[in-house]
Amino acid sequence: MRVIENPRLRAILRYGIPFVLIPALVALSAIVFEGQRYLIISLGIAVLALLLFMTGFEKRNIGARRMVITAIMTALAVFGRFIPLFKPITAICVMTAIYLGAEAGFFCGSLSVLISNIWFGQGPWTPFQMLGFGLIGLIAGYLSRVLLKSNLLLLLYGVIAGVAYSFLMDVWTVLWYAGGFDWKLYTAALLSALPFTALYAVSNVVFLLILRKPVGNKLNRIKIKYGV
Amino acid sequence: MRFEQLNPFTVAVYYLCVLGIIMFSMNPLLLCIALLTSVLSAVIGGTADKKAHLFSLAVFLIAAVLNPLFVHKGMTPLFFLNDNPITLEATVYGLCAAGMLTAALYRLRDLSKVMTSDRVLYLFGRFSPQIALLLSMAIRYTALLRVRWRKISDSQRALGLFDDGNLIDAVRGRARVLSILITWTLENGIVTAESMESRGYGTGRRTSYAVYRVHKYDAVLMIVCILLTALSAVGIYFSKAEFYPVLSMNLLNPWGIAGAAAFTVLSVLPLIINGKEAIRWRWLLSKI
Amino acid sequence: MALVTVKNLSYTYPDPNGRGGACSSRIVSDKDGVHSDDRHRALSDINLSIECGEFITLMGATGSGKSTLLRLFKPELRQNGELEGEILLSVGKATLSHRTSVSGDSLLAGSGSPLVLRTFPQRGYLRKGSLGAVDITEAVSSMVGYVAQDLEEQIVTDKVWHELAFTLENLGMRRQDIARRVAEIASYFGIDRWMERDTATLSGGEKQLLNLAAVMIADPELLLLDEPTAQLDPIAATRLIETVYRLNRETGVTVLLCEHRCEELFPLSDRIVILDGGRVAFDDTPRKVAQMIGRDSDYSAFLPTAARLFHLVTRSAQINYAIPQSPLTHVSGDSLLAGSGSPSVTARRLPNGEHLYQREPEIPLSVREGQRFVGSLQIKETASDHADPPLTEEALTLKNIRFRYERRGADILRDLDLTVYRGEVFALLGANGAGKSTAAAVAAGLRKPYAGTVKLFGKSLKDYKNGTLYKENLSLLPQDAESVFLCETVGEELKGCDTVMQNLPFDLSPLYDRHPYDISGGERQLVALCKALSTKPRLLIMDEPSKGLDANRKALLLEVIRRLQHDGVTILLITHDVEFAALCADRCALFAQGRIAAVDRTDRFMTDNRFYTTAASRITRRFVDGAYTVALAAERFSTDGGAV
């Protein structure tokens, strides 16, 4: 799905973000803020990274059918976030990614966060979460061949995704709270979040185990039926 | 025009400005103002109920205590806890951080109340019509899934296939419902796809339509917002607020005071706009 | 020039498991399916011509190929079937031909006849400067509008205004033009009051109106509607048809409509086309079609009540006044008496070889015409007041039920009292949204009322412990059959239902290998019914079982209900289909405002109601009592001598 229609703007963003904007931000943080304002810098980088990934999708149109399936999977992920404690959002993103490709996985992850935050509350964490889940989907999409073959690797991916996401979000918590990075606070945050991280990793595994076959079959059938 | 009725872009810019200053200033004076005005806006605007206020209070207390407990930088120990010094600097920093968190949470709650799905869609529609459409479809499906979840669990229950008796049955029952839900929605999605195709989706370049308009008022407000923010930022730049190793503050210089004043106006801007509107209505009514 | 010309069109689906109703209707009888030798040939040898501004109703049983034909006019919806013959669409100022030789289906001609583009219409939404290169699909998609039967699934976006704008966004229209068109169409359809609402919160009728508006907003010249009212209640259905009719008259849009709802459509349509087994069986004005279809014809189910009554009464008269030898010959107006128009002329050949021309009374199509016709008849006195059936044992009792969904919401059920007796078929009638389904959910124990008691077979629902309520006691056939399908084949789905199915008048075994979503909606409903019956319930609650079914399927369902009743199953029927309730219910109740407004034996209920009753009752009500079905009405009237 081509996110930005204007080709020149797309080119500017594609090359400008990694080679100009992000280095500029880092330089800004080093020179002007004297290494103090990590949060604003990280937020800026997160938004730019999201933009960069989105401009990376070149194909003009993914077609109505793919669009519908992606929208349904995104809605399912949103719906899953309302389940208390056990959240199938990662599992759904991963399934979407390995059956429908990296692009669908990325949008399923990032947009489901954006939508569910309409109810859970938008905040500066939204870009980080969008980036986190988007990446979980995107990487799963690139690894789809491997993940489709091996059940064990798929579950492992679920665990890694869960832990990595937690670590990333804790970095952000510490940055917000302390204004800078502090190992002690980070360890404290990690420790206090440990039960959640564990729950998160476990629910990823559980949902991947439960959903892998039935949802995989359904998606396969739908792909044939829709002709995508 | 009430504040909430402004163009979503204006509203977003406003909150970006306010939240930006709250979250990145770490200036005790501004944070005091921020905390007071956010609570005031929440009370007048009615965006927070009793539970929300209590929650904010808890966040404030926990955040205030956490920093001195873990961070032992600073030159002025107040007392020792388990051989660790609790310093004045860390305590003040903790209070500031707590104020920042609480004020930001209040503002974010306001923001979430204002940023309904159609406003989020509008903002993304400006950026990319394709994403706006995907978001819109997903939001519709979210509502649809909720309705169907209920229908499916009803019919499964009536077939005697869904039991809440014990945990395993409950989980198994829910897994059934989820499975049916996914099939139902995916299989019938083809009708939606056909409806899109038969209404010309994918044949050419899409435009994006929105019900929101940009008025002159919006532009004026946006400029006011940005000017006030800039003034606040200058104030922050000129007022020194360092916590470690010793507290060293220089908040009440002319620039600092000007910045604080600008930030106060910025913080209560929605209240001013809505107040003006209320007065105008009263005046109109008395004329009628 | 005709808007659409179809010449010698045949269409074949690639495999028997493909989409489309044509190949999936063999379980009931071969009559409504296609011929067994060419099973998945959906259409054969169709010739049809549609003039600009016509309002045409396309009828036919499930699987007769109506949908297939309709979809062929919309190239975006084409499937990988084989098309022979020619479809010529001349929309706008362009002519698009859709013709293929033998295999493959393409929009552009496969055999040398290119797309004719005379002048392209200069409309706002076609970008300038692209005259030659305009995508054909884009052109057709804005010229041909298509509305399907699903209400919810056709909606794409989350807000009403966005749904309207979506069509124009796809055409790349500028924002101010979209604003204008959206405002226009919203005012025309009267949806301006709910423009800001979420599409998920709309009622069924509102959803379909929105779907229609969202198609009409592109200003198509040909409007295709595939059973648009199948999922609607009668009030919403009538409103939709009236809107389509109004569009046809006021904007001149050509309408091609597939429907089972003959009652409203016969009086409105310019032409009726009836398909049977993929062939055109009838194609003429409504009155001519109504005349050609005789009393015993297989097609009489397509006729409105007034016309069926006419056939029953006049034919029996002619049998009584036996006209010897030759059967009646209908002669079309232009060959015999040019321009004789609607009063049909019957030529009867007398034994001496001469022709006797007689004016038959005009065949009535609407209730009003039906009343005029009945008024000219003689009333036969048949004293046949049935005794009240003995109703003693209570099966289901609802007493003073109060229910609401949200603590602060309004009551949906307000002091509802309802008693269903053992062995009867009880129909709960009422408009959509009146709370009938909620009442059913409360009766089935799925929702807990905050006041009042529900008793099943003399025992409170609460006293059915450990799920015994749903085993051998009560079962609910949900409105959406989709909500019961878990497995990947029908066979797995029906495991454990064998004993139940032996007793039912249909055989689902040919479908065992198919996916539940690859069979037709009517078949899905039968599978769901088997599942609901597999727990051997004593009370079966059926929520809108006749929704979206054609006449044959309704007859089948009627047979199922009779058998179940014979086996001692008590049935609570939740329906808005008055005609269906009249055929199968022992007692009927009118549900309104959260409680029951009237409950009575079916004959009295139908006779005493003035508006909410069957068409037959509305036709005959002023003359006789108790003639609430066509068959009953036909017994009460006679002509005095064949011709009037």
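Accessible areas come from the Shrake-Rupley method with a 1.4 Å probe; for residues, only the protein chains shown count as cover. The model shown in these views is predicted.

**Figure 1. Chain C as a whole.** The accessible surface of chain C comes to about 26,700 Å². Carbon and sulfur atoms hold 48% of that surface. Chain C has 644 residues, and 56% of them are buried. Its secondary structure comprises 20 helices and 25 strands. Take the contacts in chain C between residues at least 6 apart in sequence: 68% of these join residues at least 24 apart.

**Figure 2. Confidence in the complex and along chain C.** For the complex, the predictor gives an ipTM of 0.88 and a pTM of 0.85. Chain C has a mean pLDDT of 78. A pLDDT of 70 or more is reached by 78% of the chain C residues. Where does pLDDT stay under 50 in chain C? One such stretch is residues 16-38, which has 55 contacts beyond four places in sequence in the model. Residues 319-345 of chain C also have a pLDDT below 50. This second stretch makes 39 contacts beyond near neighbours in sequence.

**Figure 3. The contact between chain A and chain B.** Chain A contributes 55 residues to the contact, and chain B contributes 56 residues. Together the two chains bury about 5,100 Å². Of this buried area, 75% is on carbon and sulfur atoms. Which residues of chain A lose the most area to chain B? They are Phe79(A), Trp176(A) and Tyr177(A). Together these three account for 15% of what the chain A side buries.

**Figure 4. The largest nonpolar core and a separate one.** In soluble globular proteins, nonpolar side chains tend to be buried together. The largest nonpolar core here has 159 residues. Its members that touch the most other members come from chains A and B. From chain A they are Met67(A), Phe107(A) and Trp176(A). From chain B they are Ile22(B), Ile131(B), Met196(B) and Leu266(B). Another core, of 49 residues, lies apart from the largest one. Among its members are Val490(C), Leu494(C), Leu511(C) and Ile571(C).

**Figure 5. Surroundings of Ile22(B).** Ile22(B) is one of the residues that touch the most other members of the largest nonpolar core. Neighbours within four places in sequence are left aside here. Ile22(B) is then in contact with Leu31(B), Ala34(B), Met100(B), Ala103(B), Ala104(B), Arg107(B) and Phe263(B).

**Figure 6. Two domains of chain B.** The domain assignment gives chain B a domain 1 made of residues 3-119 and 213-287. Domain 2 of chain B covers residues 129-198. The centres of the two domains, taken over C-alpha atoms, are 41 Å apart.

**Figure 7. Two loops of chain B with backbone features.** Asp83(B) sits in the loop between strand 1 (77-81) and strand 2 (84-87). Asp83(B) is not a glycine, yet its phi is positive, at about 70°. Is Asp83(B) buried or exposed? With a relative accessible area of 72%, Asp83(B) is exposed, because the cut-off for that class is over 50%. Pro245(B) belongs to the loop between strand 3 (240-242) and strand 4 (248-250). A cis peptide bond links Tyr244(B) to Pro245(B), with omega about -5°.

Figure 8. Asn8(C) lies in strand 1 (residues 4-12). Its phi is positive, near 45°, in a residue other than glycine. Asn8(C) counts as partly exposed, at 46% relative accessibility. Leu43(C) is placed in strand 2 (residues 41-50). Leu43(C) is buried, with a relative accessible area of 0%. Not counting residues up to four places away in sequence, Leu43(C) touches Leu9(C), Ser10(C), Tyr11(C), Gly65(C), Thr68(C), Leu69(C), Leu72(C), Leu275(C) and Gly278(C). Leu43(C) and Asn8(C) are 35 residues apart along the chain, and their C-alpha atoms are separated by 9.9 Å.

**Figure 9. Leu564(C) in helix 16.** Leu564(C) belongs to helix 16 (residues 551-566) of chain C. Its relative accessible area is 8%, so Leu564(C) is buried. Leu564(C) touches Leu533(C), Leu540(C), Val569(C) and Ile571(C), not counting residues up to four places away in sequence. Thr157(C) is 407 residues from Leu564(C) along the chain, with 43 Å between their C-alpha atoms.

Conventions: Residues are numbered from 1 along each chain as its sequence is written. Chains are lettered from A and ligands numbered from 1 in the order in which they are written. This is a predicted model: local features need pLDDT of at least 70, side-chain atom pairs count only at pLDDT 80 or more; totals for chains, interfaces and linings use all residues. Side-chain values use heavy atoms; hydrogens and water are left out. pLDDT is the predictor's confidence in each residue, from 0 to 100. Contact means heavy atoms within 4.5 Å. A nonpolar core is a set of buried Ala, Val, Leu, Ile, Met, Phe, Trp, Tyr and Cys residues joined through side-chain atoms within 4.5 Å. Buried means under 20% relative accessible area, exposed over 50%, partly exposed in between (1.4 Å probe, protein chains only). Helices (H or I, at least four residues) and strands (E, at least two) are DSSP runs, numbered from the N terminus. Domain bounds come from an automatic or database domain assignment. Buried area is the accessible area (1.4 Å probe) that two parts lose on being put together, summed over both.
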